[in-house]
Amino acid sequence: MNTDNKPQVFKDATDFKTQFCEECESIFSKTYDELNDFERYYALASLIAGKARNAKVDGENDEKQVYYFSLEFLIGPLLDNYLLNFGVRDIVKAGCEQLGTPLEELVACEADPGLGNGGLGRLAACFMDSMAALGINGNGNGMRYRYGLFRQEIEGGRQVEMVDNWLEHGFPWETRKNESAVVVQFGGQVVRHQDGERFWFTQEGGEKVKAVPYDVPILGYGAKKVNTLRLWSAEPATEDFDLDAFNSGDYAKAMKFRSDVEAISQILYPNDAGEHGRVLRLKQEYLFVSAGLQTILRTYEKKFGKRYGEKLWEHLGDHVSVHTNDTHPAMCGPELMRILVDEKRVDFDTAFNVARKTISYTNHTVMPEALEKWPIEVFRHLLPRLYMFIEEIDRRYRDTLPHDVEGWANVLSKTAILWDGQVRMANLSVIFAHSVNGVSELHTGILKASTLHEFYELRPDLFNNKTNGISHRRFLGNANPKYAKLICDAIGEGWLADANQLSQLEKYEDDPSFQEEFEKARRWSKERLAKYIFEATGTQLDTSMVFDVQVKRFHAYKRQLLNVFKILDLYNRILSDSSFSPRPTAFIFSGKAAQSYTFAKEVIRLINSVAEVVNGDPRVNDKIRVAFVPNFAVSSAQLIYPATDISEQISWAGSEASGTSNMKLMMNGAITLGTYDGANVEICDLVGQDNIKIFGLRTEEVDALRAAGNYWAWDLYNNDRIRLGRIIDELTDGTLAHLSGNFESIRDELSISNDHDLVLKDFYSYVDAWDELAQAYGDRRAWNKAAIHNTARSGYFSSDRTIREYARDIWHIDA
Ligand code: GLS
């Protein structure tokens, strides 16, 4: 696939081979033939990374700089994507073929940087791709975790967490920038100084940490723009160590300071929409916020100092946008003020207005347990000067909150930053932002109506929706090569730059020869996935079966348990009714559960136990199979999406802010089986009711059910001992115990929480919907038509569209 106006990277395959072989020799001092596949991959990635860095033209324009602050960037492997973006994939493929190693094998050697948990981190990576593709000055600001999210292995059905040493063999895409290191300060005391009328504060003592940036070039499609993802690493600010301890032979003590500091960038917290509160996490948050802002202000001052003179800082928001991805970078507001007031001598009010003009905030969840809070004592101890700003902003906020607001006390209790001994990060984020957005229509509606309702009443103009999007180039162009080629052959390559052009596929939906090619591409992807699953797990899948997929983090609200209940129901019905013959289906799961999230880990164990029972039972295993793919990551996701027929998006309505695997799967031609939740609602609007299967309670019904307080889940159990009741019994009666025991805790959770996640409540509507959808698969022509229709309507979900909206409405730039 070529792109117009691309810089010429390789003239042809011969030129590529020459450069590639030279790179091999310069890095390893060995010839291409002497290298192993990993070394060849490394040399190829280094060659492409070098070209990406060289394509960068610094200071090329005066347009606004966007800084996207995110604790997570789940970038995934870059090589194949950059070949696509440079427009040299075909040349490189041919060259590699001639040299004797297929490109796919080199691509498969790339480590998957686990620098994110799930959707939120991947969204940040898709946004980086789109900003570069659209020519926006988009700078990523995040953390360079020494160890990524754990590597998941399955032992005896259980998730086992292994260290993810993703940097072990080096990361050819990054460059360490010693000269750009900055110092970040923790702890100590605040000291007041006075000189005549003037007074100021400094933070003395405490711990000084050196934040060292590692830059990764972000190459946009067509290679017209190269941006930077800057990831910070923590190091001791001085080489000092405890000399007394060292001299007395206590080396561990002598080095403790170093290891304490390095711990800050050691690990990514494995929480996704939940669990927080560790001091180390707060340190991470402050480190990347402070280091990022110090750098931004330095660059801005250099560039605009002369132009604006005294008024320099008042113009910051005209040239810089700081976007905060969730509450993790919430300290951007007070930290920007701190630097402006303490170091640049800007007055307090001006600094606050500058901060608010510059900063915007995206909320990604309505789960109450995920709205970050820190004990004031912990916060003040670690960040004494920053805390003074927060306290003062909170005091002024309370003072200015109009007393005639209806329910004033309630509004204050919901919106103040400091409350109940805690610093509430979501409120801090809102108070410092000129824009607050949700990530799907439904989610933004919930923010306005409940989560942030009081803020919305006070400042409706702050709120807006930006429905999420995904990189269609990576998740269709790279991930699904056969289908992507078919699309290119039919409608040209324009869709890679402009995803709306996918709508041109509508005229092929019913075309028998296009459908036939579509089926072939799907079959190829299914075989590729089946091979991968067999190698990873030993589970054999028949590619003529429907591939029914649920891949995402494990969380109660996402209801993997409901999916398992459906599989057990099918199992029971096949065994008890010889005339029952469901559409043969392979149920595929993948995803990680946070280490400390016992319930989610038990659901993983349950899936593996069900797989053991079902796959080993010849009475059913030609009708249903179950596979759990370990260690879900961007790379394995790219194998799974293109092979999916049914996309399971079954969170209870009102729980999933948006979801993005729903978009990736529909784009690849999967049919969604989902609730009316998150972005499923918008998928439904776009594809039409005939091309999606919706089931279950709607948000209003869920709210009404919870408000009425008269739902007794166990009535459902008692009323149906044949289907639902039987499944629940099977959790504890030994049916599933062969691998590693029964599942009492799941049963207990269902009963104690009174089915909080509505697994029992939505069970029948879900099973019926699945039955109907799976039966529909039998009409191949109608199915393929719907599948292609899904792809044709998916252009809206390109992150290019999302980023255009952010640019226009929030950052105020043309794109
Ligand atoms: C999440 C939400 O749970 C997802 O629904 C959403 O798609 C994603 C990106 O906006 O953000 N929030 C979160 O904390 N993790 C997520 O994946």
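This is a predicted model: local features need pLDDT of at least 70, side-chain atom pairs count only at pLDDT 80 or more; totals for chains, interfaces and linings use all residues.
View 1. The ligand is surrounded by 17 residues. Gly119, Leu120, His364, Ala657 and Ser658 are the closest of them.

**View 2. Residue classes in the shell around the ligand.** Nine residues of the shell are polar and six are nonpolar. Two charged residues complete the shell.

**View 3. Lysine 664 in helix α26.** Helix α26 covers residues 661–667 and contains lysine 664. An unreviewed UniProt entry annotates Lys664 with the feature "modified residue: N6-(pyridoxal phosphate)lysine".

**View 4. Surroundings of lysine 664.** Is lysine 664 buried or exposed? Lysine 664 has 29 C-beta neighbours inside 10 Å and therefore counts as buried, the cut-off being 20 or more. When neighbours within four places in sequence are left aside, the contacts of lysine 664 are Ile470, Phe475 and Tyr641.

**View 5. The whole protein, for orientation.** The protein is built with 34 helices and 23 strands. Its radius of gyration is 27 Å, close to the 28 Å from the globule rule for 815 residues, so the protein is as compact as a globular protein of that length. The C-alpha trace spans about 95 × 75 × 65 Å along its principal axes. Of the 815 residues, 50% count as buried. Among contacts between residues at least 6 apart in sequence, 75% link residues at least 24 apart.

Notes:
Residues are numbered from 1 along each chain as its sequence is written. A residue is near a molecule or strand if its C-beta atom, placed from the backbone, lies within 6 Å of it. Ala, Val, Leu, Ile, Met, Phe, Trp, Tyr, Cys and Pro count as nonpolar, Asp, Glu, Lys and Arg as charged, and the others, Gly among them, as polar. UniProt positions are given in the numbering used here, feature names are shortened, and annotations may be inferred rather than shown by experiment. Helices (H or I, at least four residues) and strands (E, at least two) are DSSP runs, numbered from the N terminus. A residue is buried if 20 or more other C-beta atoms lie within 10 Å of its own, exposed if 12 or fewer, and partly exposed in between; C-beta atoms are placed from the backbone. Two residues are in contact if their C-beta atoms, placed from the backbone, lie within 7 Å. The radius of gyration is taken over C-alpha atoms; the globule rule is 2.2 Å times the number of residues to the power 0.38.
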